[in-house]
Amino acid sequence: MTTESTQAGAGADPYKQHYEPGTHPDLPPPFATSGPLLWLRENLFSSPANIVMSLVSLFLLYKILPGVIDWAVLDAAFTGADRNECRAKASGACWAFISERLRLFTFGFYPVEERWRVWLAFVLLVVVVVAVLWEKCPFRKPLLWFGIVYPLVAGWLLVGGMGLTPVSTDKFGGIMLTLVIGVTGIAFSLPIGIVLALGRQSNLPIIKYSCVGFIEFIRGVPLITLLFVASTMLSYFLPPGTSFDLLLRVLIMVTLFSAAYMAEVIRGGLQAIPKGQIEAADAMGLKYWPSMRLIVLPQALKISIPGIVNTFIGLFKDTTLVIIIGLLDPLGIGRASLADTKWNGLTYEVYLFVALFFFVACFAMARYSLYLENKLHTGHKR
Amino acid sequence: MKAIKFAAAAVMSFAAVSAQAGTLDDVKARGELNCVVSTGLVGFAAPDADGKWAGFDVDFCRAVAAAVLGDADKVKFVPSTGKTRFTLLNSGEGDILFRNTTETMSRDADLKLSFLPVNYYDGQGFMVPKALGVASAKDLDGASICIQTGTTTELNLADFFRINNISYEPVPIETNEEAKTNYLAERCDVYTTDASGLAATRAAFEAPDDHVLLPEIISKEPLGGAVRHGDDQWADIGKWVVNALISAEEAGITMDNVAELGKAAGDNPTVNRMLGTEGDFGSMIGLDAQWAMRAIMAVGNYGEIFDRHIGPDTAIALQRGLNAQWKDGGILYSAPIR
Amino acid sequence: MSSQVSGHAENVVTTDRRGLLSRIWNDKETRSVIIQVLALALICAFFAYIIRNAVVNLEAIGKGFSFDFLWQPASYDINQHLIEYTSRSSHFRAMIVGLINTVLVAIAGIVLATVLGFALGVLRLSKNWLTNKLAHVYIEYMRNVPILLHILLVHGIIVHTLPRPKSAMNFGDTVFLSNRGLVSPTPHPEPLFWIVAAMFVAGVIFAILFRRWARRVQDQTGKIYPVFWISLLAVIVVPVALYFLLGSPIQWEVPALKGFNFKGGWNIRPEFIALWLALSLYTAAFIGEIVRAGITAVNYGQTEASAALGLSRGRTLNLVVIPQALRVIVPPLSSQYLNITKNSSLAIAIGYMDVTATIGGISLNQTGREMECMMIVMLIYLILSLLISTFMNWYNNRIKLVER
């Protein structure tokens with residue numbers, strides 16, 4: 001900027017004014033090169049295509065969001081004794097239904113006076129899960145040992161016997177049933193899956209092909225056909241006159257089902273381990289199991305963590321299928337509750353409530369897996 | 001082979017192991033009767049908010065439990081859809097079935113069921129919204145019709161429309177509850193099932209008067225309980241518990257007077273035989289002498305069960321009609337206990 | 001002294017015996033044979049055991065094991081049948097009708113899920129913050145809620161919120177949308193139409209040959225032809241123009257409201273729509289993430305290098321990025337396709353008549369042949385799975401990196 005030009009353009013324009021050194025007034029920053037405006041320009045309006053996309057997105061939000069919020073929150077009724085009372089109060093959702101049935105959604109038909117056992121089992125589960133997930137947890141070692149026997153303890157607490165009042169498993173229902181199936185499946189499918197994956201990699205043809213056959217059979221048929229067999233036809237395959245608990249049969253089927261998927265995930269991990277590792281272990285004189293336990297599996301499992309957690313999430317979501325064979329998970333409880341004349345037609349409330357439950361649980365698992373994945377990247381990637 | 005047997009035995013330690021011999025022994029050993037019922041049909045079998053089952057069919061289960069185990073509450077209800085009920089019974093999941101089930105020849109002979117005496121004479125009907133202005137089932141050309149899959153109604157419907165040469169769109173549905181939801185949302189114009197089921201379903205509507213049952217009854221649906229083939233003693237127990245409840249109404253035995261009448265032999269030999277004060281009819285079917293008394297004490301006679309769950313004073317408001325005693329103009333006619 | 005000796009001798013014997021056993025056990029060959037024989041014996045024993053139980057149990061209630069029932073009349077009606085079917089047709093035919101319905105919804109689902117999934121994957125990589133986040137929210141919602149719930153929800157929305165047939169949404173008096181489904185006209189081609197069809201087939205053949213030729217020319221001379229536009233002209237524009245030139249030689253049977261429902265035309269039922277949409281929307285979320293991972297796996301240096309070579313953005317994408325991304329995308333994609341096929345069995349929750357609902361549902365129940373029907377159903381799904389994996393493996397081998 002030269003003096004001539006500023007003098008030539010003399011006028012009100014403060015940018016072109018000549019100032020003595022040190023007397024220059026503060027000027028506003030140039031337009032949209034920093035702050036929220038820059039962010040908007042770069043992220044939403046950088047090119048014509050971008051502008052169109054932003055406008056379409058905004059339009060979608062404008063179309064969907066207000067309606068949903070109105071229905072679910074602003075226009076919703078949170079109290080009321082039946083559907084008509086809800087409708088009299090507000091035109092939106094009737095959450096009173098959910099809050100009235102919340103206990104049913106949580107415990108199913110578990111006897112009221114015994115529900116402390118469910119709570120206790122749940123609290124213990126939280127303790128074990130925290131110990132497993134959080135490395136700096138106090139008393140981690142003993143808690144992990146407790147985690148191994150936890151399924152037995154929880155089973156005893158829930159089913160009863162040995163000092164506790166027995167509770168028949170057909171009283172199980174709701175979120176509790178989902179957790180029972182989900183946690184059992186998760187706890188047992190991982191070890192079975194590891195064994196199957198190792199079997200599939202085995203040099204012994206009979207072991208290998210029986211594992212392949214099992215895995216491919218399970219992965220080739222829908223879970224509901226297996227559940228149907230477990231629920232209605234399994235007795236044909238047992239010695240005459242015997243039968244065992246329906247829930248137990250479902251647990252076995254669900255566990256075997258996810259074990260087959262787990263095996264494939266772990267096989268992926270195993271295949272990623274360079275052969276040199278196994279050869280090195282052989283050279284060290286390690287036999288099959290020690291070399292697997294000390295060398296191969298730790299590395300393979302670490303690589304497979306995202307896949308393993310995805311299988312867990314899938315298993316957890318698949319627990320809803322038990323309604324097809326008549327067990328009452330939250331979705332089943334919801335649908336059974338809809339039969340009540342008092343609450344006729346509140347389908348969306350039920351579905352959204354159940355969706356929320358599954359979303360929270362599965363989303364949390366997915367996030368944890370992401371965190372773990374980042375943490376365990378011990379320098380193999382940039 | 002031995003190892004497998006051992007492993008199987010280990011698994012069985014979880015399970016209730018019992019002898020092949022007979023269902024009666026199994027039930028006694030278990031201390032509980034597994035009774036296959038509907039997933040929910042108000043008036044016939046439906047759980048309330050606490051999961052306690054009640055209804056017409058449920059009371060027959062309870063009567064059998066009372067006769068066999070001495071306690072009407074020792075029943076485990078196995079809810080089933082139309083599709084799963086026979087599989088559940090045949091594979092041994094249930095000991096007996098009371099699920100508004102029609103007796104047919106193929107079910108008896110081919111599905112290997114033994115039917116108990118009919119406890120409700122029914123027929124398939126149609127329900128439509130009044131607003132449609134339909135007067136007869138023959139006006140239903142082109143209509144969408146909700147049916148429960150795995151029932152005889154599905155087959156009757158196909159036959160009826162075929163014979164009358166009219167077209168329709170079947171909308172297959174698993175349970176009565178979903179059928180109701182779809183019907184009310186007008187996914188289908190018509191809902192068809194047993195007339196009693198229609199009445200029960202309509203009673204649970206918010207505005208029952210907006211819907212009418214069409215005059216046609218297109219089939220015979222003798223509804224009754226059933227057990228597996230191959231255990232005659234168990235079939236006899238089911239058969240005679242049902243007969244006893246029907247005969248009790250005929251003989252004037254009720255829930256209230258049964259204890260009094262059963263104390264000692266009275267003047268009426270029929271009553272005496274039934275309540276075990278004369279003869280030894282219980283041991284003929286492997287039970288004790290008071291089997292019928294306990295059943296009646298627990299649930300009352302046939303008429304009482306009917307009135308309590310589906311009779312004119314209930315929301316379902318079914319008339320006795322065909323189900324009146326033969327003396328009162330119905331066709332309910334129990335074989336005599338003698 | 002003597003006792004010591006005898007004791008010593010005993011020791012020798014035992015170590016010797018142990019030595020023999022451990023020698024056998026430590027010999028890799030023999031050990032593997034022993035393990036395998038044991039495993040085989042266990043497996044055979046297990047199957048023999050359960051089959052014996054099944055035979056005994058079936059005998060006890062007097063049931064046989066036979067597939068003869070497949071030739072009996074099914075006696076029930078099926079609402080959606082793409083081949084001729086009445087209640088007098090056999091159970092076997094009912095099974096085929098169900099199988100066709102399964103395949104139909106699976107293929108439709110695979111197509112829509114792939115299209116939506118690729119779109120979602122691209123949106124997730126978009127620099128536009130808002131679009132990116134919206135796609136993310138959508139993916140997270142879809143992935144973390146069970147598919148059964150999606151199916152029920154979509155079916156509920158269709159049945160409850162769409163208008164009744166009497167007040168159906170009307171698109172130009174030809175297509176109608178109501179809670180009984182989407183009704184559209186049925187085409188009845190006239191003889192002249194087959195000329196158009198022949199033209200279309202010729203166009204496709206031409207496009208394929210032209211594409212090959214253009215590639216060869218490009219390889220030899222570097223000259224680039226607008227392959228896409230020329231193919232479009234041959235396959236679509238010419239036949240369409242011909243169609244109108246010949247005076248639209250197709251009679252359309254237009255549906256009309258008559259009595260309770262629309263008569264005439266094609267009806268796509270709400271059960272099909274619900275299942276199809278739910279399967280596609282759900283699986284698209286998974287495919288979206290797969291596609292995103294596949295594209296990010298291609299090093300950005302590749303894009304920069306092709307830019308340095310002067311390739312346009314579209315060509316960079318077509319020739320450099322997508323072929324490499326596909327190698328990462330295809331294997332997980334095929335397992336998603338398998339999932340769609342298997343998840344389609346949830347059709348029974350809303351009454352879509354697929355193979356699980358016909359032979360594995362109504363036929364099973366009406367005939368009481370659980371064992372036979374479930375075997376058929378499982379076999380059908382196994383075969384479908386096998387077909388899909390075979391096809392995807394073939395495709396994967398085609399696009400996979402050929403190392404020289």
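Two strands are taken to pair if DSSP finds at least two bridges between them, and helices (H or I, at least four residues) and strands (E, at least two) are DSSP runs numbered from the N terminus. The model described here is predicted: local features need pLDDT of at least 70, side-chain atom pairs count only at pLDDT 80 or more, and totals for chains, interfaces and linings use all residues. Residues are numbered from 1 along each chain as its sequence is written, while chains are lettered from A and ligands numbered from 1 in the order in which they are written.

In chain B, an open sheet of 5 strands with mixed pairing has the order S4-S1-S5-S12-S6. Its edges are formed by strand S4 (75–80) and strand S6 (113–122) of chain B, each of which pairs on one side only. From one strand to the next the twist averages 25°. Helix H9 of chain B packs on this sheet, where it touches S5, S6 and S12 of chain B, and its direction makes about 15° with that of S6(B). For such angles, axes are lines fitted to C-alpha atoms, for helices over the stretch in contact, and the angles run from 0 to 180 degrees between N-to-C directions. Contact between two residues requires that their C-beta atoms, placed from the backbone, lie within 7 Å. Within the sheet, strand S1 (residues 33–38) and strand S5 (residues 96–102) of chain B run parallel and are joined by 2 bridges; Cys35(B) stands opposite Ile96(B) in S5(B).

The loop between strand S12 (221–228) and helix H9 (232–251) of chain B contains Asp231(B). Asp231(B) counts as partly exposed because it has 19 C-beta neighbours inside 10 Å; a residue is buried if 20 or more other C-beta atoms lie within 10 Å of its own, exposed if 12 or fewer, and partly exposed in between, with C-beta atoms placed from the backbone. When residues up to four places away in sequence are not counted, Asp231(B) touches Gly22(B) and Thr23(B). The C-alpha atoms of Asp231(B) and Thr23(B) are 7.2 Å apart, although 208 residues apart in sequence.

A further set of pairings in chain B involves strand S10 (residues 190–194), which is largely enclosed by the rest of the structure, since 5 of its 5 residues are buried. Strand S7 (residues 124–129) of chain B runs antiparallel to S10(B) and is joined to it by 4 bridges, with Asp194(B) in S10(B) as the bridge partner of Gln124(B). Strand S8 (residues 143–148) of chain B, by contrast, runs parallel to S10(B) and is linked through 2 bridges; here Val190(B) in S10(B) is the bridge partner of Ile145(B).

Overall, chain B comprises 14 helices and 12 strands. Along the principal axes, the C-alpha atoms of chain B fill a box of roughly 65 × 60 × 40 Å. Of the 338 residues in chain B, 54% are buried. Among contacts between residues at least 6 apart in sequence in this chain, 73% join residues at least 24 apart.

Chain B is assigned domain 1 (21–122 + 222–328) and domain 2 (124–219), the bounds coming from an automatic or database domain assignment. The C-alpha centres of these domains of chain B lie 29 Å apart, and 20 residues of domain 1 are in contact with 17 residues of domain 2. On the domain 1 side of this contact, S5 and S6 of chain B are the elements that give two or more residues. That side divides into 10 nonpolar, 8 polar and 2 charged residues; Ala, Val, Leu, Ile, Met, Phe, Trp, Tyr, Cys and Pro count as nonpolar, Asp, Glu, Lys and Arg as charged, and the others, Gly among them, as polar.

Between chains, 41 residues of chain A are in contact with 42 residues of chain C. On the chain A side, H16(A) provides the largest share, 9 residues.
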